[in-house]
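Hi,

Here is the structure I said I would pass on.

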Amino acid sequence: MNEHDSERMLALLEECGYQETVRWEEADVILVNTCTVREKPEQKAYSILGRFQQLKEQNPDVIIGITGCVAQQRGAELLARMPTLDFVLGPGKIHTLPEILRDVQQGIRGICSVGFENGYPTDLTIPSSQRLRAYVTIMQGCDNFCSYCIVPSVRGRERSRPSNEVLAEIDALVQRGTKEVMLLGQNVNSYAKHNPGELTFHQLLAKIDAIPGLERIRFTTSHPKDLTEELIEAFGRLEHLCEHFHLPFQAGSNAVLEKMNRGYTREKYLTQIRRLREVTPQISITADVMVGFPGEGDDDFTQTLELVQEVEFDGLFSFKYSPRKGTRAAQWRDDCTLEVKQRRLAILQELQREITLRKNKRLEGTVKEVLVEGRSRNSPHRMMGRTRCNRIVNIPGGSEILGELVTVKIDEGLQNSLRGERCR
Ligand code: SF4
């Protein structure tokens, strides 16, 4: 979602006549788009802003702003703390960016634009660059209040975008050459729950599936509590819906899940995974999990490991818990030491590495459809693309196959990617 917010701000800046540069020394405007979901990215944002202090001293005309969830959470306090900043802009106010830039150019500094407006902002701009894969926001905010999570405070309550707007945007993107869309929302499964008469999420997917020229549909993120049978069945029915499901489970122990206020049990989660695999045996499943939540004992952690072993995820995003001010969990004693968190994370990640490699090796000899996205990072003579199950594949070739859907025989399964040859 942050990446997409960056794209939206880039599009607004382009409309104001700015051009993107990869050298920040050349920039007239620098925006640091932040994340506050864990402590580490927040600290990183402050350190990046610290580096711009000298630049501002040398060139007082450069406009520097902080955006994203740290901006929303800390607000005007950031202006007092960092004199380098000209403005603070929260994710619910991105559309005010051109106005803010005009004000700053007229000498008004210290602007703080945060908060949320009723409903969904309707002035979303489609980034001008023609892109193969595009993000499309379908809803924002979250009503769930998981006890560790700051998102409902910094992104606001759930607001869903009208389906006709979503469909029109995707249609326009496809006309510009987009082949794959990633539908975004904090909890896409509860799409339109506050909009009576609106399509449900699986109905929206069916409409998107029927847009001529669109090859692939993906979405993120889902909540197990709101996963419906209709959505599971959509994977078996919709031609363009890619066989990849990101379904965070966060912890393998019911006691920890309850403290996290997640609203499901490990048994329910495992039943959902079984059902997804019954309907779509080839589906790839990834998840988020954290270790060291307050009160997580060795037994709880063992249950997390057992769940990972049982599901055999295709990929896992795993993190150490860090308290976020303003959440319920931040009031509890952070009783797992850093050493315990680090040890648990290392064990979990090692287990997942073995599973990922084993699963990638199993794909050797199979034939996959790959959407070619760009040059391989490892070799100038190879291109990189993704399977429908979201695995990265490197294949021989050059820019002539960029944007093509090609059929590839997988020769080698590696830790983080696959290698293959195009089938003639
Ligand atoms: S579902 Fe829970 S973890 Fe996800 S954004 Fe909402 S509160 Fe945060």
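Let's start with leucine 184, which sits in strand S8, residues 180–184. Bear in mind that this is a predicted model. Is leucine 184 buried or exposed? Its relative accessibility is 4%, and since anything under 20% counts as buried, leucine 184 is buried. Leaving aside residues up to four places away in sequence, leucine 184 touches Met1, His4, Tyr135, Val136, Thr137, Ile138, Met139 and Thr220. Glutamate 239 is 55 residues from leucine 184 along the chain, and 20 Å separate their C-alpha atoms.

Next, the second largest pocket. Its volume is about 300 Å³, and 16 residues line it. Nearest the centre of this pocket you'll find Arg38, Glu39, Lys40, Lys320 and Ser322. Which elements supply at least two residues each to the lining? They are helix H2 (39–58), strand S12 (315–320) and helix H13 (338–362), with H2 giving the most, 5 residues. By type, the lining has 7 charged, 6 nonpolar and 3 polar residues.

Then there's the barrel. It is closed, has 5 strands in the order S13-S14-S15-S17-S16, and its pairing is mixed. From one strand to the next, the twist averages 50°. As background, strands of a sheet pair through backbone hydrogen bonds, either parallel or antiparallel. Strands S16 (residues 405–413) and S17 (residues 418–422) run antiparallel and are joined by 5 bridges.

Cheers

Definitions and conventions:
Residues numbered from 1 in each chain as written. Predicted model: local features only at pLDDT ≥ 70, side-chain atom pairs only at ≥ 80, totals over all residues. Heavy atoms only, no water. Helix = DSSP H or I, 4+ residues; strand = E, 2+ residues; numbered from the N terminus. Buried < 20%, exposed > 50% of the residue type's maximum accessible area, 1.4 Å probe, protein only. Contact = heavy atoms within 4.5 Å. 1 Å grid on protein atoms, 1.4 Å probe; cavity = no way out; pocket = protein on both sides within 12 Å on 5 of 7 lines; lining within 4 Å. Points joined across faces, edges and corners; volume = space filled by probe spheres on them. Nonpolar A, V, L, I, M, F, W, Y, C, P; charged D, E, K, R; others polar. Pairing = 2+ DSSP bridges. Axes fitted to C-alpha atoms, helices over the stretch in contact; angles between N-to-C directions.
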